[in-house]
Amino acid sequence: MNKLSDTQALILSAAAQRPEHIALPLPESLRGGAAAKVVGAMLAKGFLEEVDTDMRKGEPMWRETGDGHGVTLIATDAGLAAIGIEPEDANPAPAGATDAPTEEAAPDSPNEPKAAPKTRTPREGTKQATLIAMLRAPDGATIGEIMAATGWQSHTVRGAMAGALKKKLGLEVTSAKVENRGRVYKLPAA
């Protein structure tokens with residue numbers, strides 16, 4: 001299930017209550033670049049769809065395409081499902097919709113297997129890659145050694161190990177006190 005921001009949920013909830021699931025007007029607090037960013041993300045996720053509209057008929061418009069025409073935004077079945085609303089099977093096409101049916105299955109069709117999530121890997125030459133290499137060394141690394149190699153402060157080193165390595169990359173960072181060295185952190189060899 002996709003996580004929705006409060007603004008995205010608000011837009012989809014309002015669209016679900018409007019005829020033909022039109023997402024316009026957007027909330028008053030959402031303007032300019034922020035509106036474009038939120039709508040762009042929702043279009044990319046398939047929660048909203050742009051359809052042709054005729055401004056002369058007074059239909060709400062997201063952006064103008066010229067000659068008295070523009071596009072409006074409608075909530076898709078995936079968008080409605082994201083807020084827990086079952087899409088209507090017999091939903092008529094919105095006014096001005098010109099999308100012809102295609103032979104391809106819808107991207108959200110339930111019979112398609114879901115792609116496995118991408119495993120995150122750090123880019124070569126980054127400070128995070130340096131941190132991982134140091135922790136994978138047979139002797140591991142201390143906070144001080146990592147600070148010297150990366151230029152980070154101690155709290156940044158600890159945060160990178162807890163956040164980036166443990167939470168995001170799912171790596172198991174271990175630590176042990178070593179005599180004459182202090183606390184040494186290690187990662188299992190790759």
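**Briefing on the predicted model**

Lys 177 stands opposite Arg 183 in β5. This pair belongs to a predicted model of a chain with 6 helices and 5 strands. From the N terminus on, the order of the elements is α-α-β-β-β-α-α-α-α-β-β. The chain has 190 residues, of which 30% count as buried. Among its contacts with a separation of 6 or more, 53% come from residues 24 or more positions apart.

**The hairpin of β4 and β5**

- Strand β4 (residues 174-178) and strand β5 (residues 182-186) run antiparallel and are joined by 5 bridges.
- Together β4 and β5 form a hairpin, with 3 residues between the two strands.
- In the turn, Asn 180 has a positive phi of about 70°.

- Ala 176 is found in strand β4.
- Its relative accessibility is 40%, which lies between the limits of 20% for buried and 50% for exposed, so Ala 176 counts as partly exposed.
- Setting aside residues up to four places away in sequence, Ala 176 touches Gly 182, Arg 183 and Val 184.
- Ala 176 and Gly 140 are 36 residues apart along the chain, and their C-alpha atoms are separated by 9.8 Å.

**Packing of α1 and α2**

- Two packed helices are described by the angle between their axes and the distance between the axes.
- For α1 and α2, the axes come within 11 Å and cross at roughly 70°.
- This angle falls within the range of 65 to 115 degrees, and α1 is therefore roughly perpendicular to α2.
- On the α1 side, Thr 7, Gln 8, Ile 11 and Leu 12 take part, and they meet Val 38, Ala 41, Met 42 and Lys 45 in α2.
- By class, the residues of this contact divide into 5 nonpolar, 2 polar and 1 charged.

**The nonpolar cores**

- The largest nonpolar core has 21 residues, and Ile 11, Leu 26, Met 42 and Leu 48 touch the most other members.
- At least two residues of this core are supplied by each of α1 (6-17), α2 (32-45), β1 (48-54), β3 (69-75) and α3 (77-82).
- The element that gives the most to this core is α2, with 4 residues.
- Apart from neighbours within four places in sequence, Ile 11 is in contact with Ala 23, Leu 26, Pro 27, Leu 30, Val 38 and Met 42.
- Another core, of 16 residues, lies apart from the largest one; Leu 131, Ile 132, Ala 141 and Leu 187 are among its residues.

**Helix α4 and its cover**

- The axes of helix α4 (residues 127-136) and helix α6 (residues 154-168) cross at roughly 95° and come within 12 Å.
- The two helices α4 and α6 are therefore roughly perpendicular to each other.
- From α4, the contact is made by Gln 128, Leu 131, Ile 132 and Leu 135, and from α6 by Ala 160, Met 161, Ala 164 and Leu 165.
- This contact of α4 with α6 has 7 nonpolar residues and 1 polar residue, with no charged residues.
- Within α4, the buried residues are Ala 129, Leu 131, Ile 132, Met 134 and Leu 135.
- The cover over these buried residues of α4 includes α5 (143-150), α6 and β5.

Key
Residues numbered from 1 in each chain as written. Predicted model: local features only at pLDDT ≥ 70, side-chain atom pairs only at ≥ 80, totals over all residues. Heavy atoms only, no water. Axes fitted to C-alpha atoms, helices over the stretch in contact; angles between N-to-C directions. Parallel < 35°, antiparallel > 145°, perpendicular 65-115°, else oblique. Contact = heavy atoms within 4.5 Å. Nonpolar A, V, L, I, M, F, W, Y, C, P; charged D, E, K, R; others polar. Core = buried A, V, L, I, M, F, W, Y, C linked by side-chain atoms within 4.5 Å. Buried < 20%, exposed > 50% of the residue type's maximum accessible area, 1.4 Å probe, protein only. Pairing = 2+ DSSP bridges.
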